Amino acid sequence: MTGLLTRIAGPTVTARGLAGAGLNEVVWVGERMLLGEVIRIEGPLATLQVYEDTAGLSLGEPAVASGAPLSVELGPGLLGQVYDGVQRPLQALAAQEGDFLGRGVRLAALDRSLRWRFEPSVRAGDEVAPGARVGTAHGADGSSHPVLAPPWTAGTVERAAEAAAEVAVDEPVLWLRGAEPIALSHRWPVRRPRPFRRRLPPVVPFLTGQRVLDQFFPVAAGGTAVVPGGFGTGKTVLEQSLARHAAADVVVYVGCGERGNEMAEVLDEFPRLVDPRTGGPLMARTVLVVNTSNMPVAAREASIYTGCTLAEYFRDQGLQVALMIDSTSRWAEALREISARLEELPGEEGYPTSLASRLARFYERAGRVEALGGGEGSVTMVGAVSPPGGDLSEPVTQCSLRAAGALWALSPELAHRRHYPAVDWGPSFSLEAERLRGWFEREVAEGSGALRDEAVRLLQRERELQEVADLVGTESLQDAERLALEAARLLREGFLRQSAVDPADATCPPRKAHAMLELLLAFHRRALAAVERGVPLRAVLDTGLPAALLRLGQASEQDLWGGRAARRAELEATLARLEAE
Ligand SMILES: Nc1ncnc2c1ncn2[C@@H]1O[C@H](COP(=O)(O)OP(=O)(O)OP(=O)(O)O)[C@@H](O)[C@H]1O
Ligand SMILES: [Mg+2]
């Protein structure tokens with residue numbers, strides 16, 4: 001079906017004669033066949049958002065409906081790739097076209113020149129169910145990838161490709177009776193969540209390696225966290241350290257930025273990141289989706305859905321996937337711009353009234369599931385938000401946190417004091433912390449939940465005491481109160497603060513975190529007892545214990561966990577000596 005362009009307004013165009021096209025159908029726009037998507041149909045007119053620059057497009061040029069929705073290609077060869085929002089492979093395009101991506105340039109997402117050896121795990125006569133694993137694809141680079149039947153395919157195996165056959169990703173390898181043949185790859189529409197058997201309860205934490213997050217505001221595997229933070233508060237550094245250190249088999253990182261240099265940094269830095277688990281490149285288990293700066297705003301939306309669909313595909317292989325988005329505000333701003341072009345009735349601050357439901361529907365695609373083909377996989381989402389002026393009451397932050405399981409709010413004051421990660425324990429929350437308590441009690445240590453509560457109370461006490469001290473001066477506080485302030489400082493600086501650059505401290509396993517917290521709080525309790533028995537606070541602080549507690553982060557997990565009892569005994573002995581004097 002071919003229509004004609006009747007209106008061009010920035011990233012949106014209107015075409016007449018496409019009335020039979022469906023919502024979200026891909027349309028090739030103009031002589032150069034720019035990639036567009038139907039976003040509104042009114043009588044004979046279809047409005048399209050165009051994912052490529054529309055400059056130079058003229059009225060009367062053709063618009064050709066493709067008959068299919070925007071979709072991505074899923075199969076072996078995704079890991080290590082850098083894609084733009086519509087899954088064009090940027091590395092391959094740069095090699096072919098140079099750095100500036102021309103419009104209308106097409107290249108398959110998965111390299112057709114690579115050969116894979118298919119090793120079937122089913123035989124003639126076997127039944128293949130939707131999403132089932134049917135074999136393995138072995139790459140020339142030694143990698144191997146599960147091959148899944150597409151979610152819509154079911155049938156009886158007639159024959160499989162020869163075990164030694166080397167094929168391209170799109171060639172059939174398994175022929176079925178009653179269904180089309182299965183290839184190593186298949187396509188999936190990005191806006192449709194991939195199906196699974198059932199949702200599993202969020203009772204396993206998504207360990208990030210950041211103490212403040214794992215111990216205070218944990219998110220479940222398959223959960224969602226939003227990270228609002230004003231300009232320069234550390235959103236990108238945090239997302240990248242989660243990409244490296246969080247417990248995820250695969251990382252899908254969506255760079256949804258507006259500034260070209262921001263994306264250039266991502267493209268420059270990511271390929272150099274080392275995977276702390278393997279010592280090899282992090283890219284070996286990462287897919288990057290980035291909006292190049294010469295793509296119009298509509299492409300941001302595509303990048304979000306593309307990233308999510310890639311993440312679901314790995315989830316369906318029974319893998320734990322982290323989907324990081326930096327930043328969702330740029331997507332919301334794109335929605336606002338498109339909505340204005342469509343002359344829709346604006347909602348709060350000009351965002352479309354559908355903003356909340358769109359964000360909610362998107363975050364709902366996170367989850368821990370039993371996959372169609374069996375196996376447990378998860379997609380955990382971490383979405384950065386860039387509230388203008390750092391104001392958390394703005395619509396994108398508010399709509400996001402209504403949909404999220406955890407809020408990790410970054411504070412400009414903490415960042416200014418170089419307290420990183422600048423997660424503000426005041427406004428931050430986790431709705432999943434209670435349900436995850438059981439896991440920490442079982443897998444880490446009994447009493448870990450109570451310890452966390454005690455730490456939270458100490459921070460609240462600090463806030464109250466600080467208010468008093470600001471009014472009447474610290475000197476008017478009693479020793480016990482000044483001790484609480486000191487213990488809270490140690491908790492903040494020795495525990496919540498965590499260096500992203502110190503290799504010993506960049507990530508913290510939960511047992512190490514537990515041992516640290518245990519010791520810090522034991523110090524508070526034991527020192528309080530000493531002070532109450534008349535030991536001057538000065539003497540307690542001069543023991544060298546505070547300085548040692550501040551250095552705990554640099555110790556290893558074995559050292560701290562294995563030496564728990566010894567450190568406790570040492571602390572006890574030091575303070576008992578003071579009491580005896
Ligand atoms: N965990 C950390 N450890 C050490 N330094 C940090 C940490 N987090 C942030 N920083 C410092 O703060 C700077 C800004 O961080 P980052 O770029 O992540 O902020 P951002 O919130 O993404 O900013 P923008 O709003 O511009 O995207 C970094 O360049 C770094 O110097
Ligand atoms: Mg940033």
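Is the crossing of α12 and α13 right-handed or left-handed?

Modeller: The model is a predicted one, and the description that follows should be read with that in mind. The crossing of α12 and α13 is right-handed. Helix α12 covers residues 479-496 and helix α13 covers residues 510-532, and their axes come within 10 Å and cross at roughly 165 degrees. Angles over 145 degrees count as roughly antiparallel, and α12 and α13 are therefore roughly antiparallel to each other. On the α12 side the contact is made by Asp 479, Ala 480, Leu 483, Ala 484, Ala 487, Leu 490, Leu 491, Gly 494 and Phe 495. On the α13 side the contributors are Ala 513, Met 516, Leu 517, Leu 520, Phe 523, His 524, Ala 527, Leu 528 and Val 531. Taken by class, the contact of α12 with α13 has 15 nonpolar, two polar and one charged residues.

Another helix pair can be set beside this one. Two packed helices are described by the angle between their axes and the distance between the axes. For helix α5 (residues 298-315) and helix α6 (residues 328-341), the angle is about 135 degrees and the axes are 8 Å apart. That makes α5 oblique to α6, and α5 passes α6 in a left-handed crossing. From α5, the contact takes in Ala 298, Arg 300, Glu 301, Ile 304 and Tyr 305, while α6 brings Arg 330, Trp 331, Glu 333, Ala 334, Leu 335 and Ile 338. The residues of the contact of α5 with α6 divide into seven nonpolar, no polar and four charged.

Helix α5 gives the most to the lining of the second largest pocket, with four residues. By class, the lining of the second largest pocket divides into 12 nonpolar, four polar and 12 charged residues.

Two details of the backbone belong with this region. Most residues other than glycine have a negative phi, and most peptide bonds are trans. The peptide bond from Asp 326 to Ser 327 is cis, with omega near 0 degrees, and Ser 327 lies in the loop between β22 (320-326) and α6. A further cis bond runs from Tyr 420 to Pro 421, with omega near -15 degrees, and Pro 421 is found in the loop between α9 (412-416) and β26 (429-430).

The largest pocket holds about 940 Å³ of space. It is lined by 43 residues, and the closest to its centre are Gly 234, Lys 235, Thr 236, Val 237 and Leu 238. Helices α3 (235-245) and α4 (260-269) each supply at least two residues of this lining, and α3 gives the most, with eight residues. The lining of the largest pocket divides into 16 nonpolar, 17 polar and 10 charged residues.

The residues that line the largest cavity are Asp 214, Gln 215, Pro 218, Ala 433, Leu 436, Arg 437, Phe 440, Glu 441, Ser 448, Gly 449 and Arg 452. The elements that give two or more residues to this lining are α2 (211-216), α10 (433-443) and α11 (448-472), and α10 gives the most, with five residues. By class, the lining of the largest cavity has four nonpolar, three polar and four charged residues.

Definitions and conventions. Residues numbered from 1 in each chain as written. Chains lettered and ligands numbered in written order. Predicted model: local features only at pLDDT ≥ 70, side-chain atom pairs only at ≥ 80, totals over all residues. Heavy atoms only, no water. Axes fitted to C-alpha atoms, helices over the stretch in contact; angles between N-to-C directions. Parallel < 35°, antiparallel > 145°, perpendicular 65-115°, else oblique. Left-handed = near helix turned anticlockwise from the far one by under 90°. Contact = heavy atoms within 4.5 Å. Nonpolar A, V, L, I, M, F, W, Y, C, P; charged D, E, K, R; others polar. 1 Å grid on protein atoms, 1.4 Å probe; cavity = no way out; pocket = protein on both sides within 12 Å on 5 of 7 lines; lining within 4 Å. Points joined across faces, edges and corners; volume = space filled by probe spheres on them.
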